[in-house]
Each structure stands twice: as C-alpha cells, then as structure tokens.
Amino acid sequence: MTSLATSLAASHGAPPLRLRVTASAVPPLTGHLPLTDAPDVPDPIEVTSRYLTRGGRPWFPVSGEFHYTRCPAGKWEEELLKMKAGGVTAVASYVIWIHHEETAGRIRFDGDRDLRRFAGLCARHGLDLVPRIGPWSHAEVRNGGLPDWLLARPCTPRTDDPAYLEPVRTWYEAIARQLRGLDRAHGGPVVAIQIENELHDRPGHLLTLKRMAQAAGLSAPLWTATAWGGVQLPPDELLPLYGGYPETFWTEADGGWPDTCRKHFFFTHQRDDEGIGADLRPTTVRGGDPAPLADRFPWATCELGGGMAVSYHRRPRVDAADVGALGLTKIGCGSVWQGYYMFHGGTNPAGERTTLQESHATGYPNDLPVLTYDFQAPLGEYGQYRPSYDELRLQHLLLADFGHLVAPMESFLPQRRPTGQDDRDTLRWAVRSDGTSGFLFVTNHQPHEPLPDHPGTSFTVEFPQAPALTLPSTPVTVPSGAYFCWPLRLGVGGLRLDWATAQPVCTVDDHGRTVLVLAATDGVPVELALDARTVRDLGLPSGRCATLGDRVLVTGLRPGTEALVEVDAADGTRAGLLVLDAATARTAYRGVAWGAERAVLCEGGVVFDEHARDGRGEVRVHGAAGDDLSFAVLPAPERPPVVEDAGVLESADGVFTRYTVRGDRDWRFEATATATATRVRATAVGLVRAAGPAPEPVTGVQGRASAPADASYDAVAAEYAVTVPDGLPLTGTLLRVHWTGDVARAYVDDRLVADQFHTGRVWDIALDRLPAFALRGDGLRLRVLPRHPDARVYVGEGAVGAGAAGAAATAAPAASTVAAGVTGVTGVTGAAVEQVEWVGTRVWVIGEAGAVGAAGSSGVARAGGSAGVGGSPGAG
C-alpha cells in the first residue's frame, strides 16, 4: 500500500516531502526533580524530562492569563466559565502587589482584590489556578507591580538585600493567608506557583524567594519561573516556562516586525525567545546554557501571545490567524503546556495615589494607556468574544481528548526545512510521534508577509516501529494562510484511522457510537484512510470509498453537519467520522449539557454551568440582542431544552438537532436583568469643541515617543458629548466608538472612565463600568487628540484612519518606515469621532425540559409547525 500511495502521489505532483521519526535513545527521566505533589492526592502531578503526568497519565494543561484585579469581581464567574468553554484548564494570574498594597501596611483583599474568592471560583468550576506571586510582575503595571513606598525605601529590589526581603516576606505571608486551604493537600486548585518574572541572571535570589514562599505557607506541586532571555535558574528548583508572541509593543517604532516574533511561525526545537522583555534587560548579556534545561525539563509555556498590548510609540495589530497559527506551531514544536498571555483582557484599577499603568514617568521604556489592558485578547477587556477565541478553542478541544497522546510524543522535523527566517518558499511542517502513530502539523501562515500556496503537496512519514505512511493519496494544495494538524494512526473506538486530511476536534458518544469530529481546511479536499482490518462495514453520506490493500480510502466527502461516515468496526463497536467544514467547526463547543456531555454548534458564546440550578446545570449562550438564538446539539437530549417564556423550534441539521428561539426583532432600550449578544443602535453624538493643533512630540525613556500630557486633553482635544438613553439595559451594553486620531479618552464629569490609543479598531466602553451618575443624564465626554506628524509612532498596517466604514482617512506622515514588510505610520492629522452606537448583548439561559420556569411556560415545535414565542430581550 505504501508503494501504491507513493506512486499515486508522484504521478500527481512533486515527490512527497519526507520526515523520519527515530526511536528515542533514552526514556524520559522521572523522579529526578524535587517537585512533588501533596501526599495522598488522588491525581498526583509529576514532572518527567519530556512531559507532565497527572494521576499517572500524561497531562497536557492549557493555561490562560486572567488578572482578577483588572476585572470587576461580579464578572469573574461568568468570565471564568467562558475561559473553561474555550478549553482553558488552568487560570494563571499575577498577584500584583501594588494593586493590593498601594499604601504601606494596608494590604487589601476586598472587592475586586479578593484573591481567595477568585481562587474559590476556579475550584468550584474545576479550573486549576497558577498564581504568579512576584513580587515583581511586570504585567505592564506601574513599577512592574512594586509599590511606590517600597521603591522609596533604601533597598535594592529584586535582590537578597534584607531591607527588600523583609516587606516581601510580609507580602508572601499575606498571599499565603488568602490561599490557605486551597492547596492540593486540601483539594484546592493551586497546581503551580510562579516566582518573580523575567529575572534572568539571579538564580540565588529566585531560590531565596521560593524558600520564603514555602516558609510563608504556600504550597504547590509545580514551582515555576519564566525562562526566556537565556535565564539562569537554581538547579532543578523551578520548572522553566517559555513564551512567544506574534508581535511586540516593546520594540522600537521603526524596527519592523521583530525576528524574535518571526521565528515562532517556524517549526524548531529552540525554546528560548530572547526578545521577550528585552527592553528591560541588557540584550548583550546572556544567561545560562539552555541545553541542560531541555535535558531535564519538558517544554512548557506560560506566555504564548493571545494578543498584544499597545504602547504609545508602538501599536501592533494581532489577528486571529496570527494567534491560532502560533499556538498550533508550538504544539508541533514539542510544547506540552500551552500557556497564553493574555487570554482575557482587563482594565487597570483606579489608583488611590497614582495611576497604575507602566509609563515613562516611572522610568519604564513604554507608555501604556492609563486604563485599558484589552491586549486584543481572545476575550476582550469587557469579555467580548474575539475570532481568536474560536481559533484557540478548536485546538484546545483536540488537546482535551488527545493531549494525553500528544504530550509524550517527541517532535520531529523534516529532512528539508527552511534555510532561514527569510525563507517563505519551503513548506513548514513537523510531526509529533511515539514511533508508531502521531500527528502531522503544517503552518503556512505568518503575520505581515503572506506565505505562498504549495501545490502538489504530499508527505511521507517513516516510523521506526510501523510502516511508513504517504499521504494523501492524491497531492493537495496547501493554501496560503492555512495551518492544521492531521492524525496519523489514530484510534477511534475499535477503528483505526491511518490518516485524515482534516484536523481532529473532539469525540462525542452518540448512543454508544464513538464519533470523532474533524475540521476540514478550506481548499484541501477531505480524505480519510481507514485500516481495513478494523472495518467490518461502512456507510457514506457523500463521496466514494475504495479498498486499496489493507486500507479503505474515503474521498469526495463534502464537509458539513451531514458528513458522517458511519463505521461498524471489526471488534463489534460502532464509530463515526464527522467532518465539519472549517467555518462550522469554529462554532463547535463540547461540555456537559442537559445531563450528558454533548457537542454544541453555536455562533454565540456558549457557557456550561454544571453548578447552576442546584446542581442540575444549565447552558448559557451570549448572543446578539434581537437576533434569533440558534444552536445544534449532538447527541440530542431526550427532551428538547427550553428557554423560559419562549418557544423552541426543533429541526434537523445533518446529524445534529438544531434548536431555534426567535429573538426580539426590535431591540429596544428597556432595562432587563439579563441583557448580554449583539444588536446595534446608532446614537447621536454632539461636537462640543473641535480639535486644536496636535501636541508637540515629547520623547522619554530610550528616546521613545511619550504619550501626550493630561493637560492636552483640556487644551486641544476634540470633545464630543454622548447622552446615555433612558432605559438602556445596563448589563451587556457597549458604547462602540469609531474614531480617528491619536489618543482618545472618555470622561464622566472629570473622572477618566476609558481610554484607547488609536490602532484602527473600534473602541468599546461597557455601560455597566460607568459611574451611576452618568446614567442620570450627565452622559459622557469623549476627547480625541490629533497626532503630530513628527511623532515617531508605529501603527499596524491597515489602521490609518480606519473608521466606521473601514475607509482610510488621508494621512501625510512626515516619516514612514518600511522594514520587513511592516509599515511604520507616523502621521495622522485629524481627530474625530465618526460614529457612535450602542451595542446590545444578551444571555439566553437554556435548561432541561421541566427545569426552567413554571410548567407550561415554554413550548417546542417541530420544523414546519408553530411555536409560541414570547419574553423580553432578557432571557430567563
């Protein structure tokens, strides 16, 4: 069969790309590190030199960064559930010292600072917690998180100076009190604790901090440290965690796309990223040799870029494909822990004494916005769903089902690889394998510089313990921008899938049949190759099948909700291979819903809350106010799910059952308790004052452009008045501003409530974050500053003047830089609010029949019948 496939491939294009999987010379080291779990825990966490285990099984965690002090406490639970539905298994969060102890001796854990409550919510919903306890955090916070009063003392921070360690000890003891009883020994969620951050050359101090934290009462099976920049770590004491970003805010305005970002779109076994934090350390000073770390520790990450912050002088744009391609590439490179920074954006708290952002004023090299820390994250500053959330969820669903297979697999690179970071012509691919089976990874996307199509592509993978595979049988074109993972000899119940030209998403049990859901790649024909020895019978909805030797080849399958290949396996079990088209696959969720684990297709954001309704559970969908609610389920529940005071229309959608509830077509401004998906209402905005001359450019640390002074907003900013309409739903309503200029701020009276540096993206402001008096008629004032043509500011391409209609405004930059395909824009003359609208969102609450509302309050109709539709924009 191999020779036949090879000849077929050769007859349709270039020879197959080749890769040889080699047998591992030595087994992974075990028990070699002093990283141990609490005794008698049911699922002990251990570290081998190649991967992590939990309960004796390979474990592939997915962590996402979410800063609790940058989000109102009342929002935490729903946002954590969004993260969980997105495939995050562990929540990482800096415990930012200055947010808790801005005034010496007054350590606050109240309100939005309630670390214990946040940790408890993680535990309630089955999420692990990774507190990153500093004391220096960075996090684009004032002083890196060190309080002003500490820096005013005669001490040397980030060293073993006793005058520094004394207040650190007090701080650690305060954290330990908050987390008491939430460690693993007590069934708590704390699986790892990070010491310090980006400290590359003081291993002795890192060990001191670890010992102090342990003495304070903190406990975790994993103690970690960031490992980029050639780090020196105390031997075997801290698990090194790596990172990689698609873009940077901390490099120079005219520096182009950094090579340290470019390399993350190549398959490589180099773990370090010397570019992260390079603005805060001497770039010519390197730390220890990374080779010993790679020999003793697995490749784990904590800062894969889920987006990117913007600084005043450098404002990169990060798209969903950038985030998705980077994440998938790292899995192919050998990562065994996907950690994202940030997964959820936030807002800096208002300081009691000063503003709390990183700034030139405190000696740091970047001016950040005073309030917004949106980070272009998969979940935005106010919990907005972004396309990158869908891209990452697709990968995380794969890891949830197959991570235990992927984790122990080593990464192998092909014989023909790119010759350097400027090579855009050689296809980038890799294989994770255990010697018999594996996963094939392809990345044909990178930011800024499109990669070409690769026609006539096929692959030959040689295994040391099994015959080689050449796939697909007919060469395909790998489209520009594509990135995907294909399975090699994957077991699906009693069936063996030798390969598929579609990415595994998840499995679901459909009445005793194991269904593997796969995602097709646009432009790549679907081909499934089944081991004929494991197939007794097979049914196709479309396409054709042929038996070639010991393999059954399925081709011509049209992906979609009907594309279920039904297989009766030779061992008597039943299996299914369901291939969704690329767009539909990105609406896929899986979770416990209405009493069982199910796959759900929904364009809205789905949350599975198993603890709601006294443990009966419910599903909530965040969707557009006024739009219909529509979701499809596999397997369908025995009784149709219900929505209070609304009729549910049931219909077939391929092998799924689709449920539809009609929305309120005329979204109004009535207040409702549960308003939160998207309906847009334009609103009037009045020009109060036209913009004056742009402020003269000012430079700060490292000669970088500084943000305009506060006085500029009173003196020369264009000012607009926005009235909040009466009756507008408080929860889930955003003010969406389309604007051009340099920097914009929103005020209620003289209080700053929101801000943004211009990147061409819309500016969202959450209504429920505004002071109450803004809703009583005072409204908001938007102030927009123009940018001086001489300001040395980089703005991502496509951003200049992008307004409501996406049209580019006229720009006449005094200096424009083109480097590595990135355009540096340094001149925008106008300052204007082009359009303002209220965006209404809503949450639909969906329960089991008989479990939502009063009896008879809801109805269900089959397709073609009628259903009673009622209720207000607030779902019950």
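**Local contacts and backbone geometry in the predicted model**

Leaving out residues up to four places away in sequence, Thr69 touches Ile96, His99, His100, Asp112, Arg113, Thr347 and Pro349; contact means heavy atoms within 4.5 Å. The model is predicted, so local features need pLDDT of at least 70 and side-chain atom pairs count only at pLDDT 80 or more, whereas totals for chains, interfaces and linings use all residues. Residues are numbered from 1 along each chain as its sequence is written, and side-chain values use heavy atoms, with hydrogens and water left out.

Thr69 sits in the loop between β5 (62-65) and α2 (76-85). Helices (H or I, at least four residues) and strands (E, at least two) are DSSP runs, numbered from the N terminus. Thr69 counts as buried, at 6% relative accessibility. Buried means under 20% relative accessible area, exposed over 50%, and partly exposed in between (1.4 Å probe, protein chains only). The side chains of Thr69 and His99 are joined by a polar contact of 2.8 Å. A polar contact is a pair of N or O atoms within 3.5 Å; within protein, one must be able to donate a hydrogen and the other to accept it, and residues adjacent in sequence count only if both atoms are side-chain atoms.

The loop between β8 (192-194) and α7 (203-216) holds Arg202. Arg202 is partly exposed, at 34% relative accessibility. Its side chain reaches the backbone oxygen of Arg158 at 2.7 Å. Neighbours within four places in sequence aside, Arg202 is in contact with Pro157, Arg158 and Thr159. Glu196 is placed in the loop between β8 and α7. At 1% relative accessibility, Glu196 is buried.

Backbone exceptions were also found. Most residues other than glycine have a negative phi, and most peptide bonds are trans. Glu196, not a glycine, has a positive phi of about 50°. Arg489, in strand β21 (residues 483-492), has a positive phi of about 55° and is not a glycine either. Arg489 is buried at 9% relative accessibility. A cis peptide bond links Leu471 to Pro472, with omega about -15°. Pro472 belongs to strand β20 (residues 469-478). The bond from Leu634 to Pro635 is also cis, with omega near -10°. Pro635 lies in the loop between β35 (629-634) and β36 (647-653).
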